[in-house]
Structures are given as C-alpha cells and as structure tokens.
Amino acid sequence: MSETQVRVLAADDHVLLRTALCNLLTRESDITVVGEAGDGPMTVQRAIELRPDVILLDLEMPGPGPIETVRQLRTAVPDTRVVVLTMHDDGDLVHALLSEGAFGYLHKSATREVLLAAVRSAVAGGTTLFTPQRTTAPRPPLPADPSEAQNLLTSRELEVLTCVAEAMSNRQIGRRLGITEGTVKRHLRNIFAKLEATTRLDAVNKAQSARLIGR
C-alpha cells in the first residue's frame with residue numbers, strides 16, 4: 001500500500017451520492033480517489049484493475065449481494081481493505097461482513113470525520129464500526145472469576161476463538177476443526193453476542209482478559 005497516499009475506490013450505484021463522496025475524499029491531501037463503480041461485479045473488476053488501498057462499498061448495489069462481493073474482493077485483492085457504507089443497522093449483517101474480512105461498517109449518518117478516520121484506520125489494519133446508538137437494557141459484565149467465565153462459551157466456541165487468536169481465516173478454522181465455514185460463522189456470531197464484541201480482535205481481547213483463552 002502507498003505510504004503517502006491512500007488510494008480509494010468509491011462503489012455506490014447512486015451517482016449523486018458517489019460524486020459527493022468522491023468530492024469529500026479528494027479534499028484530503030493524503031487521499032486519492034482512483035476509480036468509481038456502480039455495482040458489485042464492476043467493483044470487483046475495477047479493484048483488480050486499480051488495486052486500491054481502500055474500497056468504500058455501498059451495501060445495496062446491484063450484484064450478488066454485499067457478503068458475496070466482500071468475499072470476492074478478499075479473494076481477488078486480499079491487500080485491499082473494504083469499508084461498508086449503509087443506511088441499515090443490522091447486527092447479524094455487521095458480524096457477517098466483518099467475519100468475511102470487511103474492515104469497517106459505517107451507517108451513512110456517520111460524520112465526515114468518522115468516515116475519514118475509518119479510511120485511514122483501515123489502511124493501518126484497524127476496524128471501524130459506526131451504527132446509530134440504540135437504547136437497550138444493560139447486559140451483565142463478563143464474569144470476573146475465571147472459573148465462572150469458562151461457562152460463558154461452549155467448548156466448540158472456545159476452540160473457534162483460539163483459532164481466531166492465531167489469525168486463522170474461517171476456511172482454515174473449518175479445516176482444522178472439521179466443520180463448514182457456515183458453522184464457523186455461526187459460532188462467531190454467538191461468540192460476538194456473548195462477549196459483546198464487534199470484531200474478531202475485540203472478541204479475542206475480551207476472551208483473553210477473562211482468561212477464556214490463552215494469550
């Protein structure tokens with residue numbers, strides 16, 4: 001990736017919104033918009049041609065769907081970071097996209113500062129999650145006693161999380177444990193919900209703090 005310029009591909013099927021996004025990005029001295037796309041297949045094609053550092057991907061573009069598009073991008077351009085933009089706040093979809101390798105999930109109510117921070121964070125390998133605040137009943141904290149914390153996750157979930165801590169992909173985890181990628185994703189969703197985690201790294205850090213898995 002470029003050390004001085006962040007090369008961005010803007011993917012949105014709404015031309016006016018895409019143009020506004022590009023105009024916002026090009027005001028930054030360290031960001032260059034290298035291309036645009038209006039649907040999922042075009043995004044993958046342009047990503048292969050341009051090899052951008054970051055792709056800002058609209059959730060509702062025509063094509064195979066956001067999860068499949070992120071999966072294809074991860075295969076075609078593994079060094080490119082994908083940040084998803086959306087008007088929807090779907091927890092299951094958030095976890096699914098992050099599990100597929102997205103580096104950000106931003107509701108379109110995010111401020112300019114949040115968007116730019118997410119782009120720069122993605123280049124550095126960080127993950128940004130921004131969704132509208134909800135009013136929910138507080139959940140109990142993770143048990144402080146390690147013996148009680150061990151009961152929080154099932155033995156299989158602990159195995160999956162241990163593999164995640166080793167930076168293994170869902171496919172690699174499935175092969176090691178003899179389960180399908182779909183089953184791995186289901187376990188990850190359960191782990192995220194139980195630990196109140198938003199990313200794989202967040203889940204690992206919380207599990208290690210609670211001594212559910214080793215460091």
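Trainee: What share of the 215 residues is buried?

Mentor: Keep in mind that this is a predicted model. Buried here means under 20% relative accessible area. Counted that way, the buried part of the protein's 215 residues comes to 44%.

Trainee: And how many helices and strands does the protein have?

Mentor: For contacts with a separation of 6 or more, residues 24 or more positions apart account for 64%. As for the elements themselves, the protein has 10 helices and 6 strands.

Trainee: Let's zoom in on R18. Is R18 buried or exposed?

Mentor: R18 lies in helix α1, which covers residues 15–26. Its relative accessibility is 13%, and the cut-off for buried is under 20%. So R18 counts as buried.

Trainee: Which residue has a side chain joined to that of R18 by a polar contact?

Mentor: Leave aside the neighbours within four places in sequence, and R18 is in contact with A10, D12, D13, E36, A37 and G38. One of these has a side chain joined to that of R18 by a polar contact of 2.7 Å. That residue is E36.

Trainee: Next, the pair α2 and α3. Are α2 and α3 roughly parallel or roughly antiparallel?

Mentor: Two packed helices are described by the angle between their axes and the distance between the axes. Helix α2 (residues 40–50) and helix α3 (residues 66–76) have axes 10 Å apart and pack at an angle of about 15°. Angles under 35 degrees count as roughly parallel. The two helices, α2 and α3, are therefore roughly parallel.

Trainee: How many nonpolar, polar and charged residues does the contact of α2 with α3 have?

Mentor: On the α2 side you have G40, T43, V44, A47 and I48, and they meet T69, Q72, L73 and A76 in α3. By class, that contact has 5 nonpolar, 4 polar and no charged residues.

Trainee: Now backbone angles. Is R51 exposed, partly exposed or buried?

Mentor: Most residues other than glycine have a negative phi. R51 has a positive one, near 50°, and is found in the loop between α2 and β3 (54–58). With a relative accessible area of 45%, R51 is partly exposed.

Trainee: Last one: what is the relative accessible area of A167?

Mentor: A167 is found in the loop between α7 (155–165) and α8 (170–177). Phi of A167 is also positive, near 65°. A167 counts as exposed, with a relative accessible area of 67%.

How values were computed:
Residues are numbered from 1 along each chain as its sequence is written. This is a predicted model: local features need pLDDT of at least 70, side-chain atom pairs count only at pLDDT 80 or more; totals for chains, interfaces and linings use all residues. Side-chain values use heavy atoms; hydrogens and water are left out. Helices (H or I, at least four residues) and strands (E, at least two) are DSSP runs, numbered from the N terminus. Buried means under 20% relative accessible area, exposed over 50%, partly exposed in between (1.4 Å probe, protein chains only). A polar contact is a pair of N or O atoms within 3.5 Å; within protein, one must be able to donate a hydrogen and the other to accept it, and residues adjacent in sequence count only if both atoms are side-chain atoms. Contact means heavy atoms within 4.5 Å. Axes are lines fitted to C-alpha atoms, for helices over the stretch in contact, and angles run from 0 to 180 degrees between N-to-C directions. Angles under 35 degrees count as roughly parallel, over 145 as roughly antiparallel, 65 to 115 as roughly perpendicular and the rest as oblique. Ala, Val, Leu, Ile, Met, Phe, Trp, Tyr, Cys and Pro count as nonpolar, Asp, Glu, Lys and Arg as charged, and the others, Gly among them, as polar.
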